[in-house]
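Hello,

Here is the structure for your files.

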Amino acid sequence: MNRRVFSTRLVQTAAGVLVAAPLVRRLVAAPAIIENRPQIAHGVASGDVSFNSAILWSRVNRRARMSVEWATTESFRNARRVRGPWTGEDRDYTAKLELRGLPAGERIFYRVQFEDAGGAASEPVGGQFVTAARDERDVYFAWSGDTCGQGYGISEEYGGLKTYESMRLARPDFFVHSGDTIYADGVIEAEMKLPDGKIWKNLFTLGKSK
């Protein structure tokens, strides 16, 4: 390699480093950016649904402004975006927004985001609901209660909570839960021996049995 070739390659390498430097800085800073942006703390909820409107609710972990994107397709084709209110400590960081001008009798898909004063935005959290129909059509209700108890919890070997999966597949318009989602006086252990000698294994997601 002569001096001219060496000098040319040295300049090319230096230029490449200069061009890449901003990208490297962004990649290194990425984890900090993700950690520092707003976080939706308690998911999303919808309610007070009418023929053409609905109330959406959510909660963020610091002062930020709510925004909602909605569409009639899960792909969010031709989605509309609505700017919502600011929330802060005085509102316990909760915010709600009334969506208006919705089509009647349609399934509405929505995504909620929060953006702080510096422009950092949270990850979007989605949900869906169905507006009331103006024409005559069947309306489906699902009803349940007493979710887990007497030692029986969520068993992956059995297929999880099959009743709830059956209701989900039926896509009801309304779900009524009559209570007893837990039994504080009947501890569910990790394993329970059945009368036939088999072992029922419960799935724990939030902690361990005592």
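The model is predicted, so local features need pLDDT of at least 70 and side-chain atom pairs count only at pLDDT 80 or more, while totals for chains, interfaces and linings use all residues. Residues are numbered from 1 along each chain as its sequence is written, and side-chain values use heavy atoms, with hydrogens and water left out.

Sheet. Four strands form an open antiparallel sheet in the order β4-β3-β6-β7 (strands are DSSP runs of E of at least two residues, numbered from the N terminus; two strands pair if DSSP finds at least two bridges between them). Strand β3 (residues 64–71) is joined to the antiparallel β6 (residues 107–115) by seven bridges. Within this pair, S67 lies opposite Q113 of β6.

Loop. T73 sits between β3 and β4. T73 counts as partly exposed because its relative accessibility is 30% (buried is under 20% relative accessible area, exposed over 50%, partly exposed in between; 1.4 Å probe, protein chains only). The T73 side chain reaches the backbone nitrogen of R77 at 3.2 Å. T73 and F109 are 36 residues apart along the chain, yet their C-alpha atoms are separated by 6.6 Å.

Strand β8. F141 is found in strand β8. With 59% relative accessibility, F141 counts as exposed.

Regards

Terms used
A polar contact is a pair of N or O atoms within 3.5 Å; within protein, one must be able to donate a hydrogen and the other to accept it, and residues adjacent in sequence count only if both atoms are side-chain atoms.
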